[in-house]
Amino acid sequence: MSYSSPVATALALIVSLTPLFAVDWLPVDASLRALQVPKIESDADAEVLYWDFRVKDVFQGQDFWVVYDTYRRIKIFTDKGVKEYSTVELPSGPRISVSDVSARTIKPDGTIVELKKEDIVERDIVKVGRKKYRARVINFPGVEKGTVVEYRFSEVRMRQLSTNLRIPFQLEIPVHRLKVSIKPLQVDWMRYGMRSYAFNTKVPALAVTDNSGYASFTLEDRKSFRREPFMAPEYQLREWMLIFYEEDKKLTPDKFWKEYGKDVYREFRVELKTDGAMKQAAASATEGLTTEADKANALYRWVRANIRNVYSLGSGVTAEQRQKFKENKTPSDTLKQKLGTANDIALVFASLCLSAGLEPRLTKSSDRGFRFFEPAYMARAMAPTENIAVRAGTSWLFFDPSSDHLAPGMLSWREEGIRTLVSDPKEPQIVEAPMLKPEQSVASRRADVTIAEDGSATAKVVLSYTGHQARERRLQIDEDTEAERIQNETEEMQKRFGGAEVSGMKIENVADVEKPLTYSFQLKMPVYATRTGKRLFVQPAFFQAQIPARFPENKRTHPIFFNYAWQEIDEVTLHLPEGLELDQPTAPEAFTFGPVGEYKTELRKSNDGHLLAYRRELIFGRDGVIGFAVDSYPLLKRAFDAVYQQDNHTVTLKAAK
Amino acid sequence: MRRPWLVAFAFTYSLSGAADEAPGWLKELTSVAIPSQGPKVPAYVLWNEQAITVEPTGRKVIARRFAVKILNAEGRRYGQAVEGFLVGSSRVRDLRAWAISPSGQVKTYGKDAVIERGMVTDDFYSDVRVRQIFGAVDPGSTFGFESTVEDSSVFLQAAFGFHYGIPVHCSRFSVTLPPGWQLQATVLNQDKLEPTVEGATQTWEMRKLEFYDDEPASPGLGKYGVRIAVSFLPPEGTSAGRVVRDWVDVSRWMSELGDPAATPEPSVVAKATQLTSGLMNERERLQALATYAQSIRYVSIQRDLGRGGGYQPHPAKDVLAKSYGDCKDKSVLMRSMAQSLGFTTYGVSAFSGDRDAVRPQWASPYQFNHAIMAIRVADSTDAPSVMNVPKLGRLLFFDPTDPYTSFGNLPIYEQGSFVLIEAGDQGQLVQLPLAPPSANLVERTIALKVLPDGGMAADVTEKSQGYAASRERARLKQAATDQYRKGVERWVARSVPGSTITKMEPEDSATAFTLRLGVTASMYGKLMQNRLLVFRPTAVMRGGVSPFTEPKRTHPIVLNPDAFTELTTVSLPEGFTVDELPDAVTVKTAFGEFRSTYEAKDGTLLVRRSLEVKAATLPPESYREVKSFYDQVQGHEQAPVVLLKR
């Protein structure tokens, strides 16, 4: 068989399978001109009038290929729409080829302008050795408000199938009509068929009804998808479809995941090693410990202290060590080299557990940045993330030994609190991964503040963080040197405290995840309390000054989700200036967020009236409740506005008698 | 049977088994003693050398050597070798790099490590490309590279910057000319720098250059860093490239390229006539053309740069037909339309982004990266961007690429910069006018009603002109409608938390941008002990925290012209009297003035504030005064009014 280049084969494939572009241009008629304003959303900059998307999987030569055909017709309504939609970029690269690009502009008066060659610019984005990443850029000529632009192209991806493809039904602008056509692979020897799930909308079951081999359906009037802060995972909200190839054994979800859990365990178990070196290391790390939990935690600490992630920039691995790194074939190699990939580290931890007589299991789940794991959707692609669970009595302890800055028993917030498949040779289970309680992710802040008569102040400050609050910060600073951290944090505090002078910055326990991450420093603030002619107004909530309300917007489209449950504890001692006394001080009010949390404050003065002690505690996310339906938004906003109001509580000082 | 491929393989294998070796010049540099640097300094340049050899044909061979010591994690980004070239007129003949680890281990980067890519710019396509090697370096490593570039581009000029922003141990630039050639060298940002001469080679060198610590409102490196700019002058009668001796030379060349493209063709004439139909006033007619030129979409496709293609606009009729083009295309379209109505126009070369970048001492098209235009106007047409130019008359300067700056104004970063008017033999370099503060005025009127429980309702009208209007226009046009609204909500919520916007009406006209808002809030004032009502009469803050937070200053301070006036009429709640008002304030300095007055009468409080800042570049010694000025302005936004319940 003669050799042909992948590109040539791809082009031949397109020519043979799609002699003309599969979709003709839609007619240009009065309906285009009649649409003077957006139809679906009145403030849309543009709307997609028609979007045709085709997917075809092919087996040709000795390889798989997937062909995507796209056609879009977009009407532009605003100047911003002109800027955003008058160019289209179509990237291609190794094993991705783009062809059959055609485009045209339809002016408001109905005139059609077909694009010339010079309106489609091809450029190399990057060339690495012989690999080229290119883009074709379509510049539509004569675009103004009221113009329709349309384009179509084919994309061929070599040595791939469309398995685990996510097809969005919503874009950043509304869509009037979307037609999706899918032609699954049809080869006799393949036992996997194409399956699909639709999310947040209903679509008909995929069925090929004619000789074309395509299964098609049409959707109408799709709203745009717009992101908001504190939002549920995007793919939990967006309308989209997953297509994938899997053998359809007609199982129930329970049986499907059990079977999958057994397969996962089988493959996982084969990779574990319990040789002499592994047993010795395990014995040494767990010496004197008896319970499963203690042993597992000790082994976790041992792996963290002794095995480094070769690709993590925060791990302290040097470029030289990275260059010398040899691929680990087994966990024993990783143990010897003391360096490995994330997967290597997970396997060595599991091997140590097994060597210590524990029962480690690989777990599968989802990522809260993508979507929650819902077993009803029987697709392996819905559970892409992995961790290690270790049996402790009748429950499971979860570990992620390869991600940075996680204390024993802690997972990344993205993997907390969601259903998780624990693999097993006999009885895989779906359990809920644990979540840190608010008391385990604490921001504890102390300030000793001396206020001068003119409203300026000096303060000694200590900030302390645990759990996710600590981890977020550690991830930001772990690559920096100590001097850089001090410099950056000093600048950050200067901005935070309105241009104050910051000195004596110390940062402790950056590397020790089992101790609070702590910052201590001194402040000299030119303005803290507000001085008028007769009075001095003091905001005791020192750490909340200048912090805006959390939810400034009045309307909300999507449900609200916080990343994790948390707690804030502030203790402020205020030394009041001589010659002034408190004028009928009152304390801020406390309230609860129902069962989800509470806001508590205490304000006490010393007998001589020169000292005020203020304590503030905010707890949110009890019982793992960190997600709220969109209907709850007004209440949630009101609650956080109330926090803001109480944080801005002020006491008045006046001249002493 | 002989197996020569097996022998070759073994030979190659034994070579690759040998240790990497860095060149002698780089190894020597690893022993340079680096003075102690603060944590802000990411890297230290050990060697920065460029040597240009000009061949008799005018082709330039440019050899570079560069070495840097990485000091911290942030410095890793300096561990790369980058060489740019222009497709069709230059090429990177050679690029090699080495990384020496703290332990002395050497890693060599050859052809396999080279990435080629387009330069990251706003262009959709550009002939400018780079070849790059990324070194895997850690703090303590030394990274160095050598390169050779052959350049046959049209101009016989070059420039070299000695400064790098980070500290430099040694920066060196040399030129070797063929016999009979002469060199014209200009030192920028320093009075003198004498070369050493050895045969046909002249060398300039600077050592121990300090770290440039960026501070807010500083001049750019263009004003600070020492540069040398050279022109190569071949013997008379030699056609080795384009010779540039003075600004008239540049003007002539640019006019040759640009003027023909501005010739009005019938389609352009028709368009200009249609746009100005019914308009008699000169300003209104030009405004109509300007609005259209600004609406043409910006698309930059840069080809043939090495032969001056980057300076040549497309014919105006083509720009009109396509409705897109780059800065010179939009300028040429505006010129052509204006010319078709009988106006005299000129192309103008400018630098966008740093008003101090263009130095009058060195005549070169290389100093410009942007095209605008100028129109001769009558005395009756007045605007901040009008100035009298000797021999050319009263010219109004306009930048059609900026969609947010209205006709008659210039983007703030172009004001005060040097530009070249392309007028053939009469072309000249001029300094564009800096608009006075009053041309950038923000006028705000607020009618505010305070309720007895601390709530409020307010109508806010804010009218912006000049640069201030450009900023507002950009906010409106760059955001989707709901995002713009959310931005306004966030802005108001900064000073009035928990507020609701009941009305939002932006209005954009040729000369001003007006925003009308209705605001209500329940948490505006604080009612304390049920007898004191405290509120801030500054209902809407404009700026954020003053940028001048550091106690000390190294660089000059650049202030842009700024002005605002505000009148707030506060209806006080029934049953309360005014117990305390902030003191009236006047802060007057050479560069700016801030005033604030309060007047309470018959249940109404009148608060007047005004700020005016002149354009100025102040020495670092003035920093304390500048900081104090802005601290006082900011402090006054927080000053409260105290009402007492009767």
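Colleague: How many residue pairs are in polar contact across the interface of domain 2 of chain A and domain 3 of chain A?

Modeller: This is a predicted model, and both residues of a pair must have pLDDT 80 or more to be counted here. The side of domain 2 of chain A that touches domain 3 of chain A divides into eight nonpolar, four polar and four charged residues. Across this interface the rule finds five residue pairs in polar contact.

Colleague: Which side chains meet in a salt bridge with 2.5 Å from N to O?

Modeller: Between domain 2 of chain A (254–434) and domain 3 of chain A (439–655), the count is one salt bridge. The cut-off for a salt bridge is 4 Å between the nitrogen and the carboxyl oxygen. With 2.5 Å from N to O, the side chains that meet are those of Arg301(A) and Glu514(A).

Colleague: Which residues in domain 2 of chain A lose the most area to domain 3 of chain A?

Modeller: The two domains bury about 1,300 Å² between them, with 59% of it on carbon and sulfur atoms. Three residues of domain 2 of chain A together make up 45% of what that side buries. They are His405(A), Met410(A) and Trp413(A).

Colleague: How many salt bridges does the rule find across the interface of chain A and chain B?

Modeller: In this interface, 59 residues of chain A are in contact with 61 residues of chain B. The buried area is about 5,200 Å², of which carbon and sulfur atoms give 49%. One salt bridge joins the side chains of Arg490(B) and Glu553(A), at 2.8 Å from N to O. Across the interface of chain A and chain B the rule finds eight salt bridges.

Colleague: Which element gives the most to the side of chain A that touches chain B?

Modeller: Across this interface 16 residue pairs are in polar contact, both residues at pLDDT 80 or more. Elements of chain A that give two or more residues to this side include α3 (79–85), β7 (131–139) and α12 (482–496). The element that gives the most, with eight residues, is β6(A).

Colleague: Is Asp43(A), in its salt bridge with Arg226(A), buried or partly exposed?

Modeller: The side chains of Asp43(A) and Arg226(A) meet at 3.3 Å, N to O. The pair links distant parts of the chain, 183 residues apart, with Asp43(A) in the loop between α2 (30–34) and β1 (46–60) of chain A. Buried means under 20% relative accessible area. Because its relative accessibility is 25%, Asp43(A) counts as partly exposed.

Colleague: In which strand of chain B is Arg444(B), the partner of Glu566(B)?

Modeller: The side chains of Glu566(B) and Arg444(B) meet in a salt bridge of 2.4 Å, N to O. Both Glu566(B) and Arg444(B) are buried. Glu566(B) is in strand β32 (residues 562–571) of chain B, 122 residues apart from its partner. Arg444(B) is in strand β25 (residues 441–450).

Colleague: What percentage of the 646 residues of chain B count as buried?

Modeller: Chain B has 11 helices and 38 strands, and its C-alpha trace spans about 110 × 65 × 55 Å along the principal axes. Of the contacts in chain B with a separation of 6 or more, 72% come from residues 24 or more positions apart. The share of the 646 residues that count as buried is 55%.

Note on methods: Residues are numbered from 1 along each chain as its sequence is written. Chains are lettered from A and ligands numbered from 1 in the order in which they are written. This is a predicted model: local features need pLDDT of at least 70, side-chain atom pairs count only at pLDDT 80 or more; totals for chains, interfaces and linings use all residues. Side-chain values use heavy atoms; hydrogens and water are left out. Domain bounds come from an automatic or database domain assignment. Buried area is the accessible area (1.4 Å probe) that two parts lose on being put together, summed over both. A polar contact is a pair of N or O atoms within 3.5 Å; within protein, one must be able to donate a hydrogen and the other to accept it, and residues adjacent in sequence count only if both atoms are side-chain atoms. Ala, Val, Leu, Ile, Met, Phe, Trp, Tyr, Cys and Pro count as nonpolar, Asp, Glu, Lys and Arg as charged, and the others, Gly among them, as polar. Helices (H or I, at least four residues) and strands (E, at least two) are DSSP runs, numbered from the N terminus. Buried means under 20% relative accessible area, exposed over 50%, partly exposed in between (1.4 Å probe, protein chains only). Contact means heavy atoms within 4.5 Å.
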